[in-house]
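Here is a short briefing on one protein model. It covers a helix, some aromatic contacts and a helix packing.

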Amino acid sequence: MSTRIAFLKGHGTENDFVIVPDPENVIDLPPYVVAALCDRRAGIGGDGLLHVVRSAAHPEAREMAAEAEWFMDYRNGDGSIAEMCGNGVRVFARYLQRAGHVSEGDIAVATRGGVKTAHIAKEGDITVGMGRALFPGGEVTVSVGERSWPARNVNMGNPHAVAFVADLAHAGDLLTPPPFSPASAYPDGVNVEFVVDRGPRHVALRVHERGAGETRSCGTGACAVAVATARRDGADPAVTGTPATYTVDVPGGTLVITERPDGEIEMTGPAVIVAEGVIDGEWLENALR
């Protein structure tokens, strides 16, 4: 690994990321280095890491290269690999715009959850096509302390358990993953969203993300919450024939989620680059030991 690595820091509704540009995929990022970079006290700090690679240069994305030039090689804050990150796609798109690789308008981004389309608006917000939600069968329960709730099993390219609660404080501190059952429902772990109503088609959430703990925002989680709420409300667009739009408050801001009658989901929100620099070579060498 090079001892001088450029990085940027960005966030989408305060879901924050270390960004490592690496077009030709020459930087080795083992899990322990990613975890060190994302450490909020000893590293740069972030809920995850966005490794920016040309699709043609990455073995997991080469088959998508004809559709999307860039691959979001996303890692959780603990260094583990994740399928998708909705806020991450917006920040990824903002980085590509800042670097001059793309301009306003539509762009395609390859992810482990498939190719996603992002639209960079002139006014600043970014809309991401998040694909369709899947609803794996079976009943799921999540728990915090002595409380437990039924949860809706939603897959947005990554797994979610959506629980409607009376008070967001009932989610506890979310420092550790909330227990769920049955264990077979999520063999690789799950993102758990706790949801309360704020008004007509307006909800708020707290979330525990796999490999990161409680985060200030989760884009795929906001989408999972919106479609789960629409089903609860009898507003399934495939049934009604009209789009369903929900405002979803997250601790770090607000996202707007729309599900169309064809099942496609769009998420709109801000994305900000806040800093850039070079990782200190001595620190990096120590992290590699």
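Is Phe 194 buried or exposed, going by its relative accessibility? Phe 194 has 0% relative accessibility, so it counts as buried. Buried means under 20% relative accessible area, exposed over 50%, and partly exposed in between, with a 1.4 Å probe and protein chains only.

The model is predicted: local features need pLDDT of at least 70, side-chain atom pairs count only at pLDDT 80 or more, and totals for chains, interfaces and linings use all residues. Residues are numbered from 1 along each chain as its sequence is written, and side-chain values use heavy atoms, leaving out hydrogens and water.

**Aromatic pairs**

- Rings of Phe, Tyr and Trp (its six-membered ring) pair if their centres lie within 6.5 Å; planes under 30 degrees apart count as stacked, over 60 as edge-to-face and the rest as tilted.
- The count by this rule is three aromatic pairs.
- Trp 149 and Phe 194 have ring centres 5.6 Å apart and planes at 75°, so this pair is edge-to-face.
- This pair links distant parts of the chain: Trp 149 is in strand 9 (residues 147-155) and Phe 194 in strand 12 (residues 191-199), 45 residues apart.
- Helices (H or I, at least four residues) and strands (E, at least two) are DSSP runs, numbered from the N terminus.
- Trp 149 counts as buried, at 10% relative accessibility.
- Phe 180 and Tyr 186 also form an edge-to-face pair, because their ring centres are 5.2 Å apart and their planes are at 85°.
- Phe 180 is partly exposed, at 25% relative accessible area, while Tyr 186 counts as buried at 4% relative accessibility.

**Charge over a ring**

- Arg 232 lies over the face of Phe 164, 4.7 Å from the ring centre.
- The rule asks for NZ of Lys or CZ of Arg within 6 Å of the ring centre and within 35 degrees of the ring normal.

**Helix 2**

- Helix 2 (residues 86-98) has 13 residues and should span 18 Å at 1.5 Å a residue; its end C-alpha atoms are 19 Å apart, which agrees.
- The expected span is 1.5 Å times one less than the number of residues.
- Eleven of the 13 residues of helix 2 are buried, including Val 89, Phe 92 and Tyr 95.
- Gly 100 follows helix 2 and has a positive phi, near 85°.

**Helix packing**

- Helix 1 (residues 31-38) packs against helix 5 (residues 281-288) at about 135°, with the axes 9 Å apart.
- Helix 1 and helix 5 are therefore oblique to each other.

Key
Axes fitted to C-alpha atoms, helices over the stretch in contact; angles between N-to-C directions. Parallel < 35°, antiparallel > 145°, perpendicular 65-115°, else oblique.
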